[in-house]
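Colleague: I have a model open and would like to learn how to read it. Could we go through it feature by feature?

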Amino acid sequence: MASTSEDDMHINPQRAKQLIDNIFEVTGAIKAANKTSHEVRLIAVSKLKPPADVLALHTAPNPHFHFGENYLQELQHKASVLPSTIRWHFIGALQTNKCRPLAEIPNLWCVESVDTTKKADQLEKGRRELCEREEGSELQKDGGLRVFVQVNTSGEEAKSGAEPGEETLELCRHIREKTPHLKLIGLMTIGAIARSQEGGENEDFMRLREVKDDVQKRIGGDPLELSMGMSADYETAVQMGSDEVRVGTGIFGERPKRENKAVKGDVEKEKG
């Protein structure tokens, strides 16, 4: 795991002001797009950005709590050096062999990209082991590690995600019935880029709403959330009922190429 230098943790006042202004602007855009006044969770996607950027937003006068990461070792590193009050979301493509160590991060709040029962089972094992080690802690009272099932609404071969329909339904049912240390809270999609650029109602978002309604009807239980929308299309997603959006460049600016910034040893495949 990479070490943290003083520069990584030093908050530059000018940079902090820019980040606070950016997140204020994004929050305002969400509010303007939210015609039904439902609660929308904003995930600030901090991948490949220094811990100081996260710290600046988390310690701001109006602190932000929900941050998203794509790579296991980068998340492990940031979680180890930043305040435990941060609610981390893993939003990257899951590898089965990385699920157990991922679930053992104490303040991991949610895994957004579960797409197979095998990965759900490995997350369950990791979270169970953490709870056994931390017996009596707040983990016992939290109701389980929150998870979204990722759905491939666009049908693109390069995209991860369960197929809409029976595959998604059975995965949701498996999580509800077979993984007591996980808590299914909704469905997530990453739509096709072309559809995000078209404007108007997004076909991927419409499809996810349909799948969510079908799953909810067939398995019942607590209301399921929709996680859809990123920097290019989060306003459309909110208009179409998204309960959560994931915004990175709109808050933190453009990212460096990963080969120049990746945490040492964190060379992961995007699928697996």
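Modeller: Start with the terms: helices are DSSP runs of H or I with at least four residues, and strands are runs of E with at least two. This is a predicted model. By that count the chain has 12 helices and eight strands.

Colleague: How many residues of the chain count as buried?

Modeller: Buried means under 20% relative accessible area. As for contacts between residues at least 6 apart in sequence, 64% join residues at least 24 apart.

Colleague: What span should helix α2 have, and what does the model give?

Modeller: Helix α2 covers residues 13-33, and at 1.5 Å a residue its 21 residues should span 30 Å; the end C-alpha atoms are 30 Å apart, so the two agree.

Colleague: Which residues of α2 are buried?

Modeller: The general idea comes first. An α-helix has 3.6 residues a turn, so residues three or four places apart point the same way. In α2 the buried residues are A16, L19, N22, I23, V26, A29, I30 and A33. Viewed down the axis of α2, they fall within an arc of 155 degrees, so they line one face of the helix. The face turned away from them carries exposed residues P13, Q14, K17, F24, E25 and K31.

Colleague: What do the buried residues of α2 pack against?

Modeller: They pack against strands β1 (41-45) and β8 (244-247), and against helices α3 (51-58), α10 (234-239) and α11 (249-252).

Colleague: And which residues of α6 are buried?

Modeller: K119, A120, Q122, L123, E124, G126, R127, L130 and C131 are. Their cover includes α5 (99-103), β4 (108-114), β5 (145-150), α7 (166-178) and β6 (182-188).

Colleague: How should I read aromatic rings?

Modeller: A pair of aromatic rings is described by the distance of the centres and the angle of the planes. Searching the whole structure gives one aromatic pair. The ring centres of F67 and W88 are 6.2 Å apart and the planes stand at 50 degrees, so this pair is tilted. F67 belongs to strand β2 (residues 66-69) and W88 to strand β3 (residues 87-90), so the pair ties together parts 21 residues apart in sequence.

Colleague: Is F67 buried or exposed?

Modeller: F67 is buried, at a relative accessible area of 0%, and W88 is buried at 0%. One further ring is worth a look: R87 lies over the face of F65, 5.4 Å from the ring centre.

Methods. Residues numbered from 1 in each chain as written. Predicted model: local features only at pLDDT ≥ 70, side-chain atom pairs only at ≥ 80, totals over all residues. Heavy atoms only, no water. Expected span 1.5 Å × (residues − 1). Buried < 20%, exposed > 50% of the residue type's maximum accessible area, 1.4 Å probe, protein only. Arc of directions from axis to C-beta. Contact = heavy atoms within 4.5 Å. Phe/Tyr/Trp six-rings, centres within 6.5 Å; stacked < 30°, edge-to-face > 60°. Lys NZ or Arg CZ within 6 Å of the ring centre and 35° of its normal.
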